[in-house]
Amino acid sequence: MANETKNKTAGNTATVNRNDVTQIDLVRLARELLKKWWLILFVSLVGAVGMGAYTVFLVTPMYQSQAMIFVLSSTTSITSLADLQVGTTLTADFVVIAKSKPVLDSVVETVEEETGTTLTRSQVSGMLSVTNDEDTRILTITATGSDPEIACAVANAAREAIAEAIADIMVSDLPTTVEYAEVSSSPVSPNLTRNVMMGFLGGFVLICAILAIGIIMNDNICTEEDLEKYFGVPTLVSIPERK
């Protein structure tokens, strides 16, 4: 019975010691990292500056122009419930039709005539995005490109081509234009502030990880706590280093 009590006490003591060692390690890790605060700050700033330089000098700014059309024509009576229901039902179909080959080819021809720029069908398809807000009969046509004038021309050409396709399908007048595309004066991407913050955070995490691994892997005896940790014996005498 006495032996069992001793074993339990020893086990509890070992558990406490292991917990203490873990706590001391974490405290030491934080202390060692704080000693290197200047290095952590320096690497973080380098990451922020590097990401900012990459964003400014290597990333191409992208511009967006947006046009909107109402899928029902201006001659459609707003009191016609049947027309409204048909318009709502077909709006999702028009989103698909907006990226069809005839529409894209029409956009290519119009942009070439207006700007002199020759685009391929795949380029126009990559620039265009056609969406429909839920419970509405409005199509939003967005063109994204590195040249704001070309993006605006593509958006307006797509608006015209999509309106003609809708009129042909519904055998009606052209849908009503809600908004014409305009040349954008500011890019929508890249986001310089976000990228700089990501660079700072990336540098911070990287240098902290490197320092933490170095501290954890270092098994040299540097302090009294290390001596007790690795050999399980207390320190009786400490001789200070003579400078």
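How many helices and strands does the protein chain have? I counted eight helices and four strands. Both are DSSP runs, numbered from the N terminus: helices are H or I with at least four residues, strands E with at least two. Along the sequence I read the pattern α-α-β-α-α-α-β-β-α-β-α-α.

Ground rules first. This is a predicted model, where local features need pLDDT of at least 70 and side-chain atom pairs count only at pLDDT 80 or more, while totals for chains, interfaces and linings use all residues. Residues are numbered from 1 along each chain as its sequence is written, and side-chain values use heavy atoms, with hydrogens and water left out.

**Whole chain.** I looked up burial (buried is under 20% relative accessible area, exposed over 50%, partly exposed in between; 1.4 Å probe, protein chains only). Of the 243 residues, 28% are buried. Next came contacts (heavy atoms within 4.5 Å). Among those with a separation of 6 or more, 73% join residues 24 or more positions apart.

**H2 and H7.** I then took helix H2 (residues 37–57) against helix H7 (residues 192–217). Their axes come within 7 Å and cross at roughly 145°. Axes here are lines fitted to C-alpha atoms, for helices over the stretch in contact, and angles run from 0 to 180 degrees between N-to-C directions. H2 contributes residues including Leu39, Val43, Gly47, Met51 and Thr55, and H7 residues including Asn195, Gly199, Phe200, Gly203 and Ile207.

Is Val46 buried or partly exposed? Val46 is partly exposed, because its relative accessible area is 45%. Its C-alpha atom is 7.5 Å from that of Phe200, 154 residues apart along the chain.

**H4.** The buried residues of H4 are Val103, Leu104, Val107, Val108, Thr110 and Val111. Just after H4, Gly116 has a positive phi of about 80°.

**Asn156.** Last entry: Asn156 sits in helix H6 (residues 148–170). Asn156 counts as buried because its relative accessibility is 18%. Beyond neighbours within four places in sequence, Asn156 is in contact with Ala67, Tyr180 and Ala181.
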